[in-house]
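Biologist: I am new to this structure and would be grateful for an introduction. Could we proceed by question and answer?

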Amino acid sequence: MSKINYDLKKIRGVVFDVDGVLSPCLLPLGPDGVPCRMANLHDGYALQLAVRKGLKIAIISGATGDALVNRFRNLGINDIFLQAGVKKEILDRWLKDNNLSPEEVAYVGDDIPDTECLRAVGLSVAPADAAADVLDIVKYVSPVNGGYGVARDLLEEILKANDLWPSTDIAWGWNKR
């Protein structure tokens, strides 16, 4: 039984913000003033597995950078929308382009720019350290902070609910089986 109070068998797509969700809110700046983001390996494993198991995954973020694009493309994610001003417009287009209804989608966000999207989907999710305004409106609060396994927490629950989470030696490595 899932710890998430939602019919996870309905979920066909998941959208993630980046800063504060897939990386911590605290970003060290490089000498050139460009943020240096961390990447969680457990999140990476779950993201690539979810893609291989047929979940539609998208990134919608105000962030920018070739490193982000490279990271997500290497995990098999093709729907990457950076420098997003109005995230809801991008979400609406992504839903239409992928023939998804809002009830079939989870959105993971942590701050005010995500609130419109969080209200527009079936399953709204936030990391434990999300802004108070976000924590007040989401259906599920992950027990972990942003950048420390939020994607793994959610995707593992979704894949388990659909009998797609590996429970044997297939789980070890990035096996194509």
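Predicted model: local features only at pLDDT ≥ 70, side-chain atom pairs only at ≥ 80, totals over all residues.

Biologist: Which residue caps the N-terminal end of helix 1?

Modeller: Helix 1 covers residues 41–52 and spans 17 Å from first to last C-alpha, close to the expected 16 Å. At its N-terminal end, a side-chain oxygen lies 2.8 Å from the backbone nitrogen of His-42. That oxygen belongs to the capping residue, Asn-40.

Biologist: Is Glu-104 buried or exposed?

Modeller: Glu-104 forms a salt bridge with Arg-12, with the closest N and O atoms 2.9 Å apart. The two residues lie 92 residues apart in the chain. The relative accessibility of Glu-104 is 19%, and the cut-off for burial is under 20%, so Glu-104 counts as buried.

Biologist: By about how many helical turns are Arg-152 and Glu-156 separated?

Modeller: Arg-152 and Glu-156 form a salt bridge, their closest N and O atoms being 3.0 Å apart. An α-helix has 3.6 residues a turn. Because Arg-152 and Glu-156 are four residues apart in helix 6, their separation is about one helical turn.

Biologist: Which residues are linked with Lys-87 in a network of salt bridges?

Modeller: Lys-87 pairs with Asp-114, the closest N and O atoms being 2.7 Å apart. Both Lys-87 and Asp-114 are buried. The network joins Lys-87 with Asp-17 and Asp-114.

Terms used. Residues numbered from 1 in each chain as written. Heavy atoms only, no water. Expected span 1.5 Å × (residues − 1). Polar contact = N/O pair within 3.5 Å; in protein donor to acceptor, adjacent residues only side chain to side chain. Salt bridge = Lys/Arg side-chain N within 4 Å of Asp/Glu carboxyl O. Buried < 20%, exposed > 50% of the residue type's maximum accessible area, 1.4 Å probe, protein only.
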